[in-house]
Amino acid sequence: MSTVLIVDDLQSERELLGKVVLASGNQPAYAVDGEEALAKAKEFRPALILLDVVMPRLDGFSACRRLKRDAATASIPVVLITRKGTDTDRFWGQKQGADDHIVKPFSAEQIRQVIKRFAP
């Protein structure tokens, strides 16, 4: 069983993603913003981080960039899950080091597939 870190400021989104993570046979861990995500990534060493972009304190793009620049967390796959779905948003996410990008609203199947790909 792998840990999947879910980072979103909305409780409803965290709960929804958590149910999919549990159903996939993995353990969810949660953070409510980018700052907390950085600390939890080091604490839990998750197999995957599902990261919202628009959040208080530290947005997902900035958090992703910092995760990928830190040797302790650089190898952890980061998938951005956001309403920001333009080509420019996707490009910017890639420039920050994101491994994939899912646009909200997402389906449970999309999340299952990304978990299967990055945290088998």
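Predicted model: local features only at pLDDT ≥ 70, side-chain atom pairs only at ≥ 80, totals over all residues.

Trainee: Okay, bridges. What is the bridge partner of Thr3 in β2?
Mentor: Gln27. Further along, Ile6 has Tyr30 as its bridge partner in β2.

Trainee: How many bridges join β1 to β2?
Mentor: There are 5, and the two strands run parallel.

Trainee: How does the chain cross from β1 to β2?
Mentor: Through helix α1, residues 11–23. This β-α-β crossover is right-handed.

Trainee: And β3, how many bridges join β1 to that one?
Mentor: 4 bridges, again with the strands parallel. Val4, for one, has Leu48 of β3 as its bridge partner.

Trainee: What order do the strands take in the sheet?
Mentor: β2-β1-β3-β4-β5. The sheet is open, has 5 strands and is paired in parallel.

Trainee: Which strands stand at the edges?
Mentor: β2 and β5, the latter covering 100–103. Each has a single partner strand, so one side of each has no neighbour in the sheet.

Trainee: What does the twist average from one strand to the next?
Mentor: 20 degrees.

Trainee: Which helices pack on it?
Mentor: α1 is one of them, and it touches β1, β2, β3 and β4. Its direction makes about 160 degrees with that of β2. α3 packs on the sheet too, touching β3 and β4. The direction of α3 makes about 180 degrees with that of β4.

Trainee: Back to β1. How many of its residues are buried?
Mentor: 5 of its 5. Thr3, Leu5 and Val7 point one way, while Val4 and Ile6 point the other way.

Trainee: New topic: the largest nonpolar core. Which residues touch the most other members?
Mentor: Leu5, Val7, Ile49, Leu51, Leu67, Val78 and Leu80. That core has 20 residues. Elements supplying at least two residues each include β1 (3–7), α2 (34–44) and β4 (78–82).

Trainee: Where does the largest share come from?
Mentor: From α3, with 4 residues.

Trainee: Why would such residues gather inside?
Mentor: In soluble globular proteins, nonpolar side chains tend to be buried together.

Trainee: Pick one. What is Leu80 in contact with?
Mentor: Beyond its neighbours within four places in sequence, its contacts include Leu51, Val53, Phe61, Ala98 and Ile102. There is another core apart from the largest one, with 16 residues. Val21, Phe106, Phe118 and Ala119 are among them.

Trainee: Now Thr73. Where is it found?
Mentor: In the loop between α3 and β4.

Trainee: Is Thr73 buried or exposed?
Mentor: Buried. Its relative accessible area is 1%, and buried means under 20%. The side chain of Thr73 reaches the backbone oxygen of Leu67 at 2.7 Å. Leaving out residues up to four places away in sequence, Thr73 touches Ala41, Lys42, Arg45, Arg66 and Leu67.

Trainee: And Thr82, which strand is that in?
Mentor: β4. Thr82 is buried, with a relative accessible area of 1%.

Trainee: What does Thr82 touch?
Mentor: Not counting residues up to four places away in sequence, Thr82 touches Asp52, Val53, His101, Ile102, Val103 and Lys104.

Trainee: Last one. What separates the C-alpha atoms of Thr82 and Asp99?
Mentor: 14 Å, and the two are 17 residues apart along the chain.

Definitions and conventions
Residues numbered from 1 in each chain as written. Heavy atoms only, no water. Core = buried A, V, L, I, M, F, W, Y, C linked by side-chain atoms within 4.5 Å. Buried < 20%, exposed > 50% of the residue type's maximum accessible area, 1.4 Å probe, protein only. Contact = heavy atoms within 4.5 Å. Pairing = 2+ DSSP bridges. Right-handed = clockwise from strand over helix to strand, strands pointing away. Axes fitted to C-alpha atoms, helices over the stretch in contact; angles between N-to-C directions. Polar contact = N/O pair within 3.5 Å; in protein donor to acceptor, adjacent residues only side chain to side chain.
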